[in-house]
Amino acid sequence: MCSSDLAWVEQPLKVSKHGLGAVHGCEAHYLDELDRPFEPRPAVVRGTVAHKAVELSVHLPGSSPGRLVDAAVERLGAGNDWAGQWLTEADEFDRAEVRASACDSVTKFVESFPPLRTGWRPVTESRLTWEAHDGKVRLNGKVDLTVGGADGLRAGKVIIDLKTGRPSPGHHEDLRFYALLDRKS
């Protein structure tokens, strides 16, 4: 494909990890989901809270998982996005369930992951974008955690995509997508 093939495109084609995984998983399901509004479920909120708590753990080493989760809930609840709205409107029992499962995930992360030294250059929630065909195609992603850095053609960076749900074969594809974006950014 060349840029002239995309001359008719007015808005850039935006490609994300989620969109690629969804359309390659089941195109009919992907199209069906496009017509429905996003409705957060407790499991999705738990993942969002756990991700925020892990992000905080990298920059506040030594904090307890419960303290990190409470700080994540507080910060996310103060926001005006879907997670903040859910945390504000949910009853105390739903919030307690989300907190409990997020604490479990964060505890497992803290117990199984080595403390990150600043010399390893840890970066959390790093946004990556690559544009192709004169900006007609835009690939976007947000990497949960990177450690290290490239050294010429030597791969010295580790890209980590945190998961709080069940393992999926698509998770490997997610990392390939991030590696492409990191290489091109």
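The buried residues of helix 5 (82–89) pack against helix 3 (42–59), helix 4 (65–77) and helix 6 (92–112), where contact means heavy atoms within 4.5 Å. Helices are DSSP runs of H or I of at least four residues, numbered from the N terminus. This is a predicted model, in which local features need pLDDT of at least 70 and side-chain atom pairs count only at pLDDT 80 or more, while totals for chains, interfaces and linings use all residues. Residues are numbered from 1 along each chain as its sequence is written, and side-chain values use heavy atoms, with hydrogens and water left out.

**Helix 5**

- Ala83, Gly84, Trp86 and Leu87 are the buried residues of this helix (buried: under 20% relative accessible area; exposed: over 50%; partly exposed: in between; 1.4 Å probe, protein chains only).
- Viewed down the axis of helix 5, these buried residues fall within an arc of 165 degrees and therefore line one face of the helix; the arc is that of the directions from the helix axis to the C-beta atoms.
- Thr88 and Glu89 are exposed, on the face of helix 5 turned away from its buried side.

**Aromatic pairs**

- There are 3 aromatic pairs, counted for rings of Phe, Tyr and Trp (its six-membered ring) with centres within 6.5 Å; planes under 30 degrees apart are stacked, over 60 edge-to-face and the rest tilted.
- Phe109 and Phe113 are stacked, because their ring centres lie 4.8 Å apart and their planes are at 20 degrees.
- Phe109 counts as buried at 12% relative accessibility, whereas Phe113, at 25% relative accessible area, is partly exposed.
- Phe177 and Tyr178 form a tilted pair, 6.4 Å centre to centre with 50 degrees between the planes; both Phe177 and Tyr178 are buried.

Conventions: Helix = DSSP H or I, 4+ residues; strand = E, 2+ residues; numbered from the N terminus.
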